[in-house]
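Have the viewer open as you read.

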Amino acid sequence: MDFELVYRCETILDPEGSFLQRWNKIFLVNCALAISLDAVFFYAPVINRHSTCLDLDHRLQIIVCLLRTLADIFYILHIIFQFRTGFRAPSSRVFGRGELVIDSWIIGKKYLSTYFIIDTLSVLPLPQVVVFIVNPQLKSPVSFLRKDLLKFVILSQLVPRLVRIYPIYKDVTTTSGMLIETAWAGAAINLFFYMLASHVVGAYWYLLSIERQDQCWRNWCGMHNLSTSYLYCGGDRTHNDPTERYTFLNASCPLIDPEEIEDSTVFNFGIFIKALQFRIGESRDFPYKFSYCFWWALRNISSLGSNLDTSPFIGEVLFAVFISIFGLILFSLLIGNMQKYLQNLQSIASKIEEEREKRKNTELWMSHCMLPENLKDRIREYRLYKWKKTKGVDEDGLINDLPKDLRRDIKRHFCLALLRRMPAAEAFDGPLLDAMCDRLKRVLYAKGTYIVMEGDPVDDMLFIVRGKLETLTTNTGRTGFFNLSFFKAGDFFGEELLPWSLQSQSFSFQPISTRTVRAITEVEAFALTAHDLKSLLSYHLLNPLHRKQLLLTMRLYSHKWRTWAANFIQAAWWRYLKRKQNRAIKEAEDRLPPKPRNLRLTV
């Protein structure tokens, strides 16, 4: 069962592991790039000047579809990783992190009930289906249906993709503290999201400008009872002269600035007039269109839409209102996030400097002592692990500064559940448990640390909060003897100290460990020293019957006594098999006929 547990731990990803931290950052960038790619689809509608019709830039659509497929691969990988990513059970949280849940069924059930639907909606290849499958099957008017269908698909998927960014950003900042650790990088990432929003707004502004031009043409055709089929490329266009048609349509929809319009019958393009005057919609040069639309959106978002002169068209007014409110929100978030980053960096600057000074002194000491490289690497790994867990905060100092009653309640919250999982705790009363909680100290062990070696004195009794350890014994080097087992969160070891504390009268000679204990993952635990345990038991357990009951209970659950019992049972079993085998051989020999005697002939 322990080997199965280890295998499942290796196949389940730790949400705070280095791999998932890097992957979440990569996926966060991919989400931002995917949103920017979706916005590029808004640049696909163009006005074909030669045929005087509304068309689509097929080359741009194909390129964006291919790039979007590459981005969707990251979404698929993210969904797969989510089914293999453990999570911290809230019920197991004592402080900091909780115990990692590695049950695949529970992980899958949790993911299906949270973000699976959003991730699935985000990864659906709807734009690819529209471009490569649906559009070729459509009849006239081709461009009108294609444009509206593509716009609906992009907007429907833009919402779940935007919703998915915040949880990923929260995961990154929760596991690693913050997305970036320098002020300039914080400014860069916030400016990037600000520019991403400007790109999306600029692309939608371009699409709306094309729609306003189309609406003007349709209104004019409706007033003169003309067919609108020839306005769209690929349909039944009855007009034969493209040049005359182009001049005719331009004359019907003059591009006049809103403040210069004197005739109420002239179509008012409002905030889209610049895109049409500069013929942005007639160009298939993507950098040309993108640069101007991006600049327009960035300028108006930064000015909160104060320069926008809208027409009475309600859709245009709502778009301008959206730009004003959206710009105000983005500007507030930009300033707030920058202030937050500066405050966080200033608050941890002193701690980082202190830790850097300690690392420098440690390196000088290791060089002075000429330690081997393997010991240097282990020291560096432990200091890095301790910094990662504590961030330079002295938790014991914070707790000791509190009043005694509050400190006792906090320690009870941290440690009482762990102590009660010990079988011997049934014989402990409330004051003894409170006193043991008060004496427990938090300890950290990096992966691969040997906590105690076989044959060394047992100094502490450890109660594991989280992490996994392996314990093995060779029965003091006995040939052919080997026993391996595992400890997990909620277990304890160092039970040799309990009989020693109850029977021995000396504090000098501590019991000898019969097992080697090594951390196979990062381990957090509470330690109770041998001196504290002996002092507490000597004061609180004065009844000899209680002492004897405690000794019998510890023998029942002790790993040492269980190992010896298994050893004796195994030895007795082998002796039984040996006697049975000898008995069978003897019975077989008895059933054989007697050998004839050799007769000696004499002459």
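## Surface and overall make-up

The chain exposes about 34100 Å², and carbon and sulfur atoms supply 61% of that area. Keep in mind that this is a predicted model. Of the 603 residues in the chain, 42% are buried.

As for secondary structure, the chain has 20 helices and 12 strands. Now take the contacts between residues at least 6 apart in sequence: 75% of them join residues at least 24 apart.

## A nonpolar patch

Which residues form a nonpolar patch on the surface? They are I26, I63, L67, L70, I73, F74, I76, L77 and I80, and together they have about 740 Å² of accessible area. Helix α3, covering residues 58-83, gives the most to this patch, with 8 residues.

I73 is one of the patch members, and you'll find it in helix α3. Its relative accessibility is 41%, so I73 counts as partly exposed; the cut-offs here are under 20% for buried and over 50% for exposed.

## A negative patch

E259, E260, E262, D263 and D309 form a negative surface patch.

Zoom in on D263 and you're in the loop between α9 (242-252) and α10 (273-277). D263 counts as partly exposed because its relative accessibility is 41%.

Most residues other than glycine have a negative phi. R279 isn't a glycine, yet it has a positive phi of about 55 degrees. Where does R279 sit? Its place is in the loop between α10 and α11 (286-302). With a relative accessible area of 34%, R279 is partly exposed.

M370 is another residue other than glycine with a positive phi, here near 55 degrees. M370 lies in the loop between α12 (314-369) and α13 (373-390). Is M370 buried or exposed? At 71% relative accessibility, M370 counts as exposed, because the cut-off for that label is over 50%.

## Where to point the viewer

Then go to D263 in the loop between α9 and α10 for a member of the negative patch. Finish with the positive phi values at R279 and M370.

Terms used. Residues numbered from 1 in each chain as written. Predicted model: local features only at pLDDT ≥ 70, side-chain atom pairs only at ≥ 80, totals over all residues. Heavy atoms only, no water. Patch = residues over 30% accessible without salt bridge, like charges linked within 9 Å, V, L, I, M, F, W, Y side chains within 5 Å. Areas by Shrake-Rupley, 256 points an atom, 1.4 Å probe, with all protein chains shown as cover. Salt bridge = Lys/Arg side-chain N within 4 Å of Asp/Glu carboxyl O. Lys, Arg positive; Asp, Glu negative; His and termini not counted. Charge placed at Lys NZ, Arg CZ, Asp CG, Glu CD. Helix = DSSP H or I, 4+ residues; strand = E, 2+ residues; numbered from the N terminus. Buried < 20%, exposed > 50% of the residue type's maximum accessible area, 1.4 Å probe, protein only. Contact = heavy atoms within 4.5 Å.
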